[in-house]
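Please keep the sequence and the structure in view while reading.

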Amino acid sequence: MSDLAEKLAGLRAAAVVAPGPLQALAADILAATGMAAEDAVLAASILVEAQLHGIDSHGLAHLPVYVRRLLEHSILPNAIMQLSQTGPAASVLDAMNGFGVLAAHKAMIEAMRLAQAQGIGACAVRNSSHFGAANFYVELAARQGLIGIALSNAAPTMAPWGGREAILGTNPLAMAFPRGDAAPIVIDMATSVVARGRIRKAAQAKAKIPADWALDQDGQSTTDAEAALLGTIQPMAGAKGYALALAIELLCAGLSGGRPGFQVRNPHDPGPEPSGTSHNFLAIDPGCFAGRSAALQAIEAVAGRIEHSLPAADTAPRLPGQRAATTYAQRLQHGIPVSPALLESMTISAGMVMRAKT
C-alpha cells in the first residue's frame, strides 16, 4: 500500500497528469479490491479514456462508488460472466453481478464479432452494473469500420410522461459512425433533461435549479433541488424523451431477461444488494448493406454539409463527438488536468482500499 500512497502523493503535487500514471493508480486501487490485475488494468484504461475525452463526470468521478461496491461485494470483483450465443447474430451475457465496465466491454466485443460474421450483431446484458461513459464502447466499433450502438437501463429516477412515480432511469443511448481517417461521429446522451448528479450538486450548494428539470413528490414542477431529489427527473423533450427511455428499457431488460428499471438498485445506495442493470450493445457492418465505401461516402456527405453550413449568431455547427475528440487530442499531448474533483475521487478511493487492508 506504500506504493499506492506514493502514487497518490505524486498526483496531489501535479497540475496535470499523463494518462499512463493515472491509469496505473486507478488500476492499483481496483486491484486492491480483489479484482484480477488484468481486469483492473482494462477497467482503469476505460475510465481514463473518459477523462481524456473530457467526460469527467462519467470517468474516475465514479471510482469511489465502484470501489465501495466492490469492497462490499454488491459488485463482485471476479465475477465469472456467462456468455451465450443465442442466434446467428445474437448473444446474451449474464454479467453475474460483475463490474459493468468489464461487462460492457465484453458485450461490445461480442457484438462486433457477430457483426463481422453476419453483418449485424447484438449482445444483451443482464445482472450488470453502471458502465461509465457509453462513448468508449461505441467508438470501439467505429474504429473497426462498424456502426456501434449502446443502450442501458438504470435505477428509477424518471416518471412516465404525465405521472409522478419514478419508474424509468435516465436510460442512456450512444451511437458511433466511422469516418475513415477522421474522428467518428459520436452521439452519447441520457434520455433525461439533466443528469441527476447536477441536481445533487445543486442541493449540496443550496442552489436553485431550472423549473423544467424535475418534479417534486406531488408531481409539481420545482426549483428546489432537495425537493427534486425526492421527486423525479423530467425526460428530455417531454413525451418524446419518455417514449425513447421506454424503448431503451424494453430493448435492454426485455431482450436480456434482466431486471426492469424500477427494480434496478441505485449505485449510490449502500448495502450488499447488486444493481441488476441491463444493457444492449449492437454493431453493424456497413459493408453488408450498400457497401462500406458507399456508407463512408454518405456519412462524409452529411458530415461535410453540416460542418460547412451557415453558423447561427453566436455559435457554429459542430458534429456530435467533435468537442470530445478535440479534448482527447489536447489531453493526450498535454496531460489530464488534476482538478479538485479528480483529486478528491482518487483520494477517497485509495483511502477506502487502504483502510480495508489494515
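Phe-131, Phe-136, Tyr-137 and Phe-281 are linked into a cluster by ring pairs. Rings of Phe, Tyr and Trp (its six-membered ring) pair if their centres lie within 6.5 Å; planes under 30 degrees apart count as stacked, over 60 as edge-to-face and the rest as tilted. The model is predicted, and local features need pLDDT of at least 70, side-chain atom pairs pLDDT 80 or more, while totals for chains, interfaces and linings use all residues. Residues are numbered from 1 along each chain as its sequence is written, and side-chain values use heavy atoms, without hydrogens and water.

**Aromatic pairs**

The count comes to five aromatic pairs.

| Pair | Centre to centre | Angle between planes |
|---|---|---|
| Tyr-66 and Phe-99 | 5.0 Å | 70° |
| Phe-136 and Tyr-137 | 5.4 Å | 90° |

Tyr-66 belongs to helix H4 (residues 63–71) and Phe-99 to the loop between strand S3 (90–94) and H5, so the pair links distant parts of the chain, 33 residues apart. Helices (H or I, at least four residues) and strands (E, at least two) are DSSP runs, numbered from the N terminus. Both Tyr-66 and Phe-99 are buried; buried means under 20% relative accessible area, exposed over 50%, and partly exposed in between (1.4 Å probe, protein chains only). Phe-136 counts as buried at 16% relative accessibility, and Tyr-137 at 0%.

**Nonpolar cores**

A nonpolar core is a set of buried Ala, Val, Leu, Ile, Met, Phe, Trp, Tyr and Cys residues joined through side-chain atoms within 4.5 Å. The largest has 61 residues, among which Phe-281 and Met-346 touch the most other members. Helix H5 (residues 100–118) gives the most to this core, nine residues. Beyond its neighbours within four places in sequence, Met-346 is in contact (heavy atoms within 4.5 Å) with residues including Leu-8, Leu-22, Ile-29 and Leu-63. A second, separate core of 10 residues includes Ile-199, Trp-213, Ala-225 and Ile-233.

**A partly exposed loop residue**

Ala-195 lies in the loop between strand S7 (182–189) and helix H7 (196–204). With 39% relative accessibility, Ala-195 counts as partly exposed. Its C-alpha atom is separated by 23 Å from that of Glu-273, 78 residues apart along the chain.
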